[in-house]
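Hi,

Here's the structure I said I'd pass on. Have a look at it first, then read my notes below.

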Amino acid sequence: MDGASKEEEEDSTFTNISLADDTDHSSRIFCPRPKSLLPKMMNADMDAVDAENQVELEEKTRLINQVLELQHTLEDLSARVDAVKEENLKLKSENQVLGQYIENLMSASSVFQTTDTKSKRK
């Protein structure tokens, strides 16, 4: 056998698995490639595997949808908190203005002035 046919034989029987990201071929391990799994597995086994995969896929999809829904809820709540903070600041400012206005009215009114009882009796 020449070198090329030996490599072709190895390629059809083994799968190269690289242990490093570089192109150095000395760090490869040769693992036997399975010929075919279909003849060895019965149809019932295939159906069970497909059903398991389907259930797993549905569960993943459900979890992803739940996470997305929770993210949207969090965004909505954050926006609501920001709006409430803004409204709170506005109301505080309005309360300060109203408080100052009431103080000014009270100081200008004779009803709320302190009276000197000695001067009124005379």
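A cut-off to start with: a residue is called buried under 20% relative accessible area, exposed over 50%, and partly exposed in between. Glutamate 87, with a relative accessible area of 38%, is therefore partly exposed. Do keep in mind that this is a predicted model.

Glutamate 87 sits in helix H2, which covers residues 43-108. Together with Asp82, Glu86 and Glu94, Glu87 forms a negative surface patch.

There's also a nonpolar surface patch of about 650 Å², built from Tyr101, Ile102, Leu105, Met106, Val111 and Phe112. Of these, valine 111 is in the loop between H2 and helix H3 (117-121), and its 66% relative accessibility makes it exposed.

As for salt bridges, the structure has 2. One joins glutamate 56 to lysine 60, with the closest N and O atoms 3.5 Å apart. Both residues are in helix H2, 4 residues apart, or about one turn of the helix. Glutamate 56 is partly exposed at 43%, and so is lysine 60 at 48%.

Arginine 62 and glutamate 59 also pair up through their side chains, at 2.8 Å from N to O. They are 3 residues apart in helix H2, so about one helical turn separates them. Arginine 62 is partly exposed at 44% relative accessibility, as is glutamate 59 at 35%.

Finally, an unreviewed UniProt entry lists residues 60-94 as "coiled-coil region". In the model that stretch is 100% helix and 0% strand, with its end C-alpha atoms 51 Å apart.

Cheers

Methods: Residues are numbered from 1 along each chain as its sequence is written. This is a predicted model: local features need pLDDT of at least 70, side-chain atom pairs count only at pLDDT 80 or more; totals for chains, interfaces and linings use all residues. Side-chain values use heavy atoms; hydrogens and water are left out. Patches are made of residues with over 30% relative accessible area and no salt bridge: like charges are joined within 9 Å, nonpolar side chains (Val, Leu, Ile, Met, Phe, Trp, Tyr) within 5 Å. Accessible areas come from the Shrake-Rupley method with a 1.4 Å probe; for residues, only the protein chains shown count as cover. A salt bridge is a side-chain nitrogen of Lys or Arg within 4 Å of a carboxyl oxygen of Asp or Glu. Lys and Arg count as positive and Asp and Glu as negative; His and the chain ends are not counted. The place of a charge is taken as NZ of Lys, CZ of Arg, CG of Asp or CD of Glu. Helices (H or I, at least four residues) and strands (E, at least two) are DSSP runs, numbered from the N terminus. Buried means under 20% relative accessible area, exposed over 50%, partly exposed in between (1.4 Å probe, protein chains only). UniProt positions are given in the numbering used here, feature names are shortened, and annotations may be inferred rather than shown by experiment.
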